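Hi everyone, thanks for making time. I'd like to walk you through one model today, so let me put it on the screen.

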Amino acid sequence: MSEIYTKVLIIGSGPAGYTAAIYAARASLEPVIVTGLEAGGQLMITTDVENYPGFADVIQGPWLMEQMRLQAGHVGSKIIQDQIIYADFSKRPFICHGEGGTIYKAETIIICTGAQAKWLGLESEMKFRGFGVSGCATCDGFFFRGKEVAVIGGGNTAVEEALYMTNHASKVTLVHRRDKLKAEKILQTRLFKDPKINVIWNHVLEEVLGKEDPLAVTGVRLKDTQTGVTQDLPVEGVFVAIGHVPNTEIFKGKLKLDAEGYIIGSPTTTETSVKGVFAAGDVRDKVYRQAVTAAGMGCMGALDATSFLQDEGIN
Ligand code: FAD
Ligand code: NAP
């Protein structure tokens, strides 16, 4: 069993984690960053990124994250592929256990564990996950070449997934529970202009329909939110894009979380309910949830950790 001691442990390697690492490394704190199972975070499962400042041309999410990883490494961060499965914040140095058996001891921790896709919680959705039901069009879209698919949701993710699926599917139906989308106007304009996309308003997914042997989706049963009337739509793929939940399971009982599981702390810094433990990015932010805001908070986390260490006389 190996043990790693560090002044700054960063948990998570999305835009928040890598930015925290870049700033902490440049403050000569030799941070250790534990990547988690999804090294690079949520942008690894998208394609075009058009709103990260500094790039006049469209860039790719995985490319951006690779650049951040390289930058964090070049300035002196130690990047470790591991998943934190246990955390003890009761005294310093704080202790975290990695899935591979490594014990991490840290004077400060910056939690950047982000968020992951939410599911509707339907039995049929679970049954057909991986057999026609997916939470990621860019990962699985290819399997639906020439087929008809449905996308559930009305936010940026749902609209982007619908637009992306037009590259593969013959027809895309976006199903939204209200009569207005939550997605940005620029995405809405693209959606409404696309001849391959149809929108069904005021409907929710009631059941995924399918067949056994081999398991495969054959349609969706949709319910009108106003009349309660149901209709079946034949599709071979269903993409659920209804938002995200924060990755805070291992911090329950260790830090203050709100009812949805987001880390609660100071509104103006990255402090949490435990002194010396900071949190940045989507794991604490349910309002903005953008790569650039996560990166900004990662920077704040590193600066807050630096001040904390200075105040504690640890340099
Ligand atoms: P994440 O990117 O969620 O990263 C979390 C990290 O924590 C991961 O590396 C994960 O492996 C790690 N982790 C989790 N649990 C543990 C653990 N127990 N131990 C160790 N590590 C752990 N935003 C934009 O600004 N522009 C876009 O175009 C855009 N497109 C998007 C497209 C899609 C499909 C999605 C889903 C999101 C998109 N976003 C976009 C939002 C953006 O990706 C997020 O706001 C941003 O990635 C949040 O960064 P983060 O660092 O807080 O967390
Ligand atoms: P989101 O903004 O929270 O939107 C979730 C959507 O799903 C909403 O339209 C919501 O409906 C719907 N929904 C939620 N629960 C539902 C349920 N049980 N049944 C049916 N519909 C349900 O989530 P997101 O689209 O994943 O985006 C998350 C964050 O990432 C956002 O901050 C977004 O801006 C960001 N992001 C940005 C980009 C980009 O900048 N290009 C791309 C992707 C994501 P209501 O509208 O009725 O609430």
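How do the residues of the shell around ligand 2 divide into nonpolar, polar and charged? They come out as four nonpolar, 10 polar and six charged. For the classes, Ala, Val, Leu, Ile, Met, Phe, Trp, Tyr, Cys and Pro count as nonpolar, Asp, Glu, Lys and Arg as charged, and the others, Gly among them, as polar.

Quick housekeeping. This is a predicted model, where local features need pLDDT of at least 70 and side-chain atom pairs need 80 or more, while totals for chains, interfaces and linings use all residues. Residues are numbered from 1 along each chain as written, chains are lettered from A and ligands numbered from 1 in written order, and side-chain values use heavy atoms, with hydrogens and water left out.

Okay, the ligand site. 20 residues surround ligand 2, where being near takes a heavy atom within 4 Å. The closest are Asn51, Thr157, Glu160, Arg178 and Gln290.

Now the polar contacts, meaning pairs of N or O atoms within 3.5 Å (within protein, one must be able to donate a hydrogen and the other to accept it, and sequence neighbours count only if both atoms are side-chain atoms). Asn51 puts a polar side-chain atom 2.7 Å from an oxygen of ligand 2. For His244, a polar side-chain atom sits 3.1 Å from a ligand 2 oxygen, and with Gly155 a polar backbone atom is 3.3 Å from one. On its own, ligand 2 exposes 920 Å², and the protein buries 81% of that; those areas are Shrake-Rupley with a 1.4 Å probe, and for residues only the protein chains shown count as cover.

Which helix gives the most to that shell? Helix α5, residues 156-165, with three residues. Helices here are DSSP runs of H or I, at least four residues, and strands are runs of E, at least two, numbered from the N terminus.

α5 also packs against something: its axis and that of α6, residues 185-193, come within 10 Å and cross at roughly 35°. Axes are lines fitted to C-alpha atoms, for helices over the stretch in contact, with angles from 0 to 180 degrees between N-to-C directions. In that contact (heavy atoms within 4.5 Å), α5 brings Asn156, Val159, Glu160, Ala162 and Leu163, and α6 brings Leu187, Arg190 and Leu191.

Last, some backbone geometry. The Arg92 to Pro93 peptide bond is cis, omega about -5°, and Pro93 sits in the loop between β6 and β7. Asp213 to Pro214 is cis too, with omega near -5°.
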